[in-house]
Amino acid sequence: MNAIIKFMKRNYKIILAVICLSATLFAFKINSDRGIDPDPNKDKMLLELLAFVIEKGHYSPPPINDEFSKGVFKDYIEALDPSKRFFLQSDIDEFSKYELQLDDQFVNKDLTFFNLTYARLMKRMEEGKKRYKLILANPFNYKVDETFSTDYENSPYAKTPAELVEKWRKQIKLSTLSSLVTKENIEAEKKVKDPAYKEKSFEILEKETRENSLKSLDEYFGFIKDLERSDWFSVYVNSIMARFDPHTSYFAPEEKERFDVNISGKLEGIGAKLQKKNDFTEISELISGGPAWRGKELEAGDLIIKVGQGADEPVDVVGMRLDDVVKKIKGHKGTEVRLTVKKVDGTIKVISIIRDIVEIEETYAKSSIVDKNGLKYGVIYLPKFYIDFENKDGRDAGKDIALEVERLKKENVNGIILDVRDDGGGSLSTVVDIAGLFIEQGPIVQIKSAGRKKEVLYDRDKKIEWDGPLVIMVNGFSASASEILAAAIQDYKRGVIIGSKQTYGKGTVQNVIDLNQFVRSSDFGDLGALKITTQKFYRINGGSTQLEGVRSDIVAPDRYAYLKMGERDIDNAMPWDKIDPTEYSTWNNNSNFNQAIANSKARIALNPQFKLIEENAKWIDTKSKENSYSLNIADFKKAQTEVEAEAKKYKPITDYKNSLQFTSLPYEIAEMAKDPTLKEKRESWHQALAKDIYVEEAINVLDDLQSQSVTRQSSVPARSKKDKLASKL
């Protein structure tokens with residue numbers, strides 16, 4: 001989940017002093033001993049820094065004791081070997097001697113446990129690498145009656161190497177069996193479509209599945225090979241950090257960079273997505289509008305052989321780690337990078353690209369228009385509450401949503417849907433800005449820091465950007481900033497919240513602390529950053545969204561309603577509590593509010609599609625608990641046939657299509673004419689909206705929220721309070 005992030009920047013308008021650096025900061029001086037591997041010293045320094053920042057800045061750190069140690073042990077071992085296919089029971093027995101010592105090792109910067117587990121894991125992985133090649137060398141016997149359970153959490157570790165080989169054999173066999181049955185079905189379908197088609201034999205298909213499985217495992221172990229000791233140490237460190245709370249985590253330098261891109265939606269580079277393909281780095285996608293896309297020379301599928309900086313001699317990157325290749329290709333705006341690539345047709349070409357700012361379009365808000373019953377409505381989708389911390393004039397969700405609302409007003413819409421489903425959060429300041437678009441002025445959220453008085457964040461702008469009907473769409477993955485927005489709109493009764501029974505339930509605030517600021521004279525380079533929970537936020541009515549989330553005004557059946565995926569399902573999540581409410585006045589400009597909610601509930605209760613979704617949710621919950629599979633092909637096919645027969649009952653859910661037509665706004669239609677990629681993405685989104693029963697019901701709610709004075713032939717855009725006052729004067 002994306003946290004609610006607030007960097008402590010001088011020009012940032014909401015600064016919460018979590019750590020008083022001037023009073024408590026001490027400088028670490030690092031002098032690595034010559035002749036000694038610097039990594040252990042760096043690791044110890046990192047643990048010391050993390051302990052210091054946690055002590056000074058965490059909202060409510062749990063005691064570092066034996067219970068804490070047990071949690072670290074469990075999380076770390078599970079992270080290293082989630083499928084229990086590397087470690088033996090004897091390894092776990094040996095590791096268990098440290099189960100109650102990890103709290104002390106963290107405090108004392110002792111690396112004994114990590115060194116032991118890291119060395120053992122590397123050994124077991126080398127054994128595993130040899131193991132799967134032998135298993136896949138010969139055909140499987142799919143007539144034997146045997147089963148395999150994927151309930152890894154409750155399955156035991158192998159006691160002997162022979163048991164481990166057997167576990168690997170069954171696990172791989174299940175994978176190939178599933179692929180084999182799928183391939184057979186595809187062959188049968190081809191035969192039905194074309195009676196002249198000659199189906200592949202069982203032997204050929206069986207061989208293909210083993211070859212594909214071998215390739216997949218080769219790629220997996222190739223990825224593992226690229227990981228360095230520091231990557232595994234990050235896993236260990238994060239097992240410790242996660243015990244303070246689920247949202248406190250350590251960012252290694254590369255991860256911090258990815259986080260910055262994720263929260264801002266932009267980067268400096270060429271605008272291409274890369275992936276590893278054996279020893280090569282492959283272009284998987286060009287980002288629309290980026291320099292590589294504009295140059296029209298680089299294409300998806302090209303393999304990068306060499307990378308050169310400007311006029312410098314190019315460096316061979318074949319066999320290089322993907323992260324290292326990315327570092328060489330990324331760079332500051334205006335600089336040149338020269339890529340030697342092997343094109344899809346086999347030719348070799350040197351492509352020069354001038355780096356630039358690349359905006360990741362999928363990050364940003366977008367809107368669409370739909371007509372219904374003679375009225376026009378706007379749908380705004382917000383994937384995250386993004387902000388550019390480095391540039392106060394850069395794009396942020398608050399400014400972009402205001403712009404989308406203004407554009408929709410110009411199209412004379414009669415209602416707006418703001419869709420924050422699957423929106424995991426982001427910047428706190430943007431929540432205040434967005435909520436302020438829909439109310440006159442007042443409190444938006446309350447924030448509490450450890451040992452300090454609560455702070456209330458206000459919208460102080462009297463202007464209302466939109467005073468018409470409003471619906472907020474949420475689901476179980478709407479978290480953090482999404483929950484603040486939904487809670488504020490709900491408490492003011494400014495709009496109707498529709499979606500899952502409750503949102504994710506993350507009611508905490510995180511800061512990202514650059515660890516390098518605490519160090520001077522370091523020989524170790526970038527130490528990364530710590531995302532640390534520093535505060536809890538509360539609704540203006542005093543209640544916390546922690547664990548409970550925001551409960552929808554209108555609950556719509558959700559296919560994943562019964563699966564455990566919320567904050568309340570995490571063992572060390574912070575508790576729910578409440579504080580005193582702050583003063584605020586509810587919205588009184590909508591006499592149809594309660595009736596619209598009642599109408600929607602009645603529609604949903606009678607809607608056969610929603611009834612089917614509810615049945616499907618219960619079925620998915622049941623199936624998620626089934627984890628034993630037959631490795632006999634006849635029994636496997638029988639079980640699959642039964643599942644497919646049951647699943648057909650729910651096919652109308654994915655086949656559903658409403659009768660609504662969604663279109664882009666005029667400015668975007670003009671952009672789409674110049675950008676085929678953007679056109680394709682928008683058309684895909686509009687097709688998804690036209691199959692979305694939740695959006696359809698949200699539009700029905702907007703229809704019910706209309707005042708009696710609104711005519712169905714024409715509509716008037718909502719005006720700000722200042723505009724209304726001027727007209728009266």
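Visitor: Which element gives the most to the lining of the largest cavity?

Guide: This is a predicted model, where local features need pLDDT of at least 70, side-chain atom pairs count only at pLDDT 80 or more, and totals for chains, interfaces and linings use all residues. Residues are numbered from 1 along each chain as its sequence is written, and side-chain values use heavy atoms, with hydrogens and water left out. A cavity is a set of points on a 1 Å grid over the protein atoms alone where a 1.4 Å probe fits but cannot get out, and lining residues have an atom within 4 Å of a point. With three residues, the top contributor is α15.

Visitor: How many nonpolar residues does that lining have?

Guide: Ile444, Val445, Glu483, Ile484, Ala487, Phe537, Tyr538, Arg539 and Thr545 line the largest cavity. Ala, Val, Leu, Ile, Met, Phe, Trp, Tyr, Cys and Pro count as nonpolar, Asp, Glu, Lys and Arg as charged, and the others, Gly among them, as polar. By class there are two charged, one polar and, as the value you asked for, six nonpolar residues.

Visitor: Why is α22 largely enclosed by the rest of the structure?

Guide: Buried means under 20% relative accessible area. Among the buried residues of α22 are Ile693, Val695, Leu702 and Leu705. The helix is largely enclosed because the buried count, out of 13 residues, is 11.

Visitor: Which residue caps the N-terminal end of α22?

Guide: Look for a side-chain oxygen 2.9 Å from the backbone nitrogen of tyrosine 694. The residue that carries this oxygen is aspartate 692.

Key:
On a 1 Å grid over the protein atoms alone, a cavity is a set of points where a 1.4 Å probe fits but cannot get out, and a pocket is an open set with protein on both sides within 12 Å along at least five of seven lines; lining residues have an atom within 4 Å of a point. Helices (H or I, at least four residues) and strands (E, at least two) are DSSP runs, numbered from the N terminus. Buried means under 20% relative accessible area, exposed over 50%, partly exposed in between (1.4 Å probe, protein chains only). A polar contact is a pair of N or O atoms within 3.5 Å; within protein, one must be able to donate a hydrogen and the other to accept it, and residues adjacent in sequence count only if both atoms are side-chain atoms.
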